[in-house]
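Here is a short report for a first look at this structure. Read it with the model open beside you.

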Amino acid sequence: KKELQHGRVEEAQELYEQAIRIDPHDGRAYLGLSRCAERRRDFTLARECLKVGITHSATPEKDSVLADRGANPFLLQALGVLEEKMGHLSEAEALYISAAKSRPWHAAAWVALAQLRTRKLGQSADAGRVLFQAAERELRKAGQKPSSHVYTAWAALENKKAHDVRRARELFQAALKVDKKCSAAFLQLGVMEADNENWDEAQSCFDSVLKFDQRNSRVLQAYALMETKRPDGDSRKAIGLFERALKANSRDAGVLQAYALYVAKLGDVDAARDLFKRATEVNKRHSPVWQAWGVLEMREENPEVARSIFQQGIWACAQLAGGQSGGYSCARLWQAWGLLESEQGDHSAARRCFSRALDADSRNVATVTAWSIMEEALGNIADARAILERALKQFAPGSEAKQALWMTYEKMEQRLGNTKEAQRIYQRSMRETLEKAEVRGSADTSRPNIVEKTPVADELTLSEAEVEVVRWDGGSSSLGGGGEVWINDRAVESKLPATARKQPRASNRQNKFKS
């Protein structure tokens, strides 16, 4: 394991193979071989290593309560994570379910299943909440202590999807009661407090982590971002925190991206370009960096440079199982490229880019919104409606993404002066929500139905779990004002502000594209 952590993959592989020869039933060795294969981007071999491990590994625990009821849950979950990365969401969901069935008190399996369903399969907060409650119950039944991991993930759901800050704060505190040094709970609680402008509470959370983990680059990054948006924030302090984060981990592309966005906000575009370049060198597969850099060049009116950056990013981030579109990681790049072509008046090229984005991620709401608005601006109303109708079928009733699409659809009809049609769309959305509430009310929710699956498109590809932990009001920044920035597992992403974009040449409508 230490050899792998230091990048010595060959040495690590030899040691794991030796461990299998000593004890072929130890699942940890198969997991290690799988990670070695992942480092080489050989996902097929990684999958085979895990499958062999699942077949051969055994659990020594014989107690009637704690004994596993199936295959090794750790390997099942690891295989599920791998299938997520390869874009096979149905397979990943089935594996997480199998892991939870094999060991009902395996907290990580419940968390992975809840996050997959609520973040990637478009299900509502209720779907995730039921799974977290099941994890809490199963841990208690097995006589295990509560899991800070469960409470932290649950709190993130309540905060970002249910928008219940009070409940989220209670769950973060529950996680810290279980583990007083839970960095993830302190980090997300601090960012939530910063979102609500509770600056002192947020700073207290960040300082608490840095007392026992001074080299936590993620916390230092969030701390720096908080300094950039608080009214009495100190730009020198923010820059100092960014530098500390890079000193702790010089190869953290997320920190470099956040730093670049901040110096661009301060007006030093050349320094921002240098930081973006460094970020792509330390981690060329970090798609948010390529996207943010391309958007910066769009703002600076360098369309050819932006095209080149988006293309390089797609080549670098393409997944082996991603097809021609490159997979989930490339969806954001295709969408941003589509916005660029729309601004430049090449609407045929924009359509090709938007189509590729949806091929890579059929649930990309930003792409659907941007494409429908472009078609509306060009007078292709039937096409805009078809895009929205097709996208609505991809999401579960009552989910946040589907509600956003209903709102986009309704507002489009209002802009077109179709009042009756806008009312009909509103009634459709309300009827769907009420029907979902009636079904939920009549169902027996005493135990979660983890076996029920959600149909997903085969081509949909998945990245690592996304946790929105901070928003940054762009204000009158050099990025155009009104923009937003957020962290996605150390990656800071940017929504392109409306003021930083040109209008399509065929229409004078004001577009609000996201990127």
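Which residues does Phe 132 touch, not counting residues up to four places away in sequence? They are Val 111, Ala 114, Val 150, Ala 153, Trp 154 and Leu 157. Touching, or contact, means heavy atoms within 4.5 Å.

## Ground rules

This is a predicted model: local features need pLDDT of at least 70, side-chain atom pairs count only at pLDDT 80 or more, and totals for chains, interfaces and linings use all residues. Residues are numbered from 1 along each chain as its sequence is written, and side-chain values use heavy atoms, leaving out hydrogens and water.

## The nonpolar cores

Phe 132 is listed with Phe 206, Phe 242, Phe 276, Phe 310 and Leu 405 as having the most contacts inside the largest nonpolar core. That core has 129 residues. Helix H15 (residues 253-265) gives the most to it, with 10 residues.

A nonpolar core is a set of buried Ala, Val, Leu, Ile, Met, Phe, Trp, Tyr and Cys residues joined through side-chain atoms within 4.5 Å. Buried means under 20% relative accessible area, exposed over 50%, and partly exposed in between (1.4 Å probe, protein chains only). Helices are DSSP runs (H or I, at least four residues), numbered from the N terminus.

## H9 against H10

The axes of helix H9 (residues 148-160) and helix H10 (residues 165-178) come within 8 Å. They cross at roughly 165°, which makes H9 roughly antiparallel to H10 (angles over 145 degrees count as such). Axes are lines fitted to C-alpha atoms over the stretch in contact, and angles run from 0 to 180 degrees between N-to-C directions.

Tyr 151, Trp 154 and Glu 158 are among the H9 residues in the contact. On H10, Leu 171 and Phe 172 are included. The contact residues divide into 11 nonpolar, 3 polar and 2 charged.

## H18 against H19

Helix H18 (residues 303-317) packs with helix H19 (residues 328-343) at an angle of about 165°. Their axes are 9 Å apart. H18 and H19 are therefore roughly antiparallel. The contact includes Phe 310 and Ile 314 of H18, and Leu 333 and Trp 337 of H19.

## Ala 292

Ala 292 is in helix H17 (residues 287-299). Its relative accessibility is 5%, so Ala 292 counts as buried. Leaving aside neighbours within four places in sequence, Ala 292 is in contact with Gln 257, Leu 261 and Phe 276. The C-alpha atoms of Ala 292 and Leu 333 are separated by 9.3 Å. Along the chain, these two are 41 residues apart.

Note on methods: Helix = DSSP H or I, 4+ residues; strand = E, 2+ residues; numbered from the N terminus. Parallel < 35°, antiparallel > 145°, perpendicular 65-115°, else oblique. Nonpolar A, V, L, I, M, F, W, Y, C, P; charged D, E, K, R; others polar.
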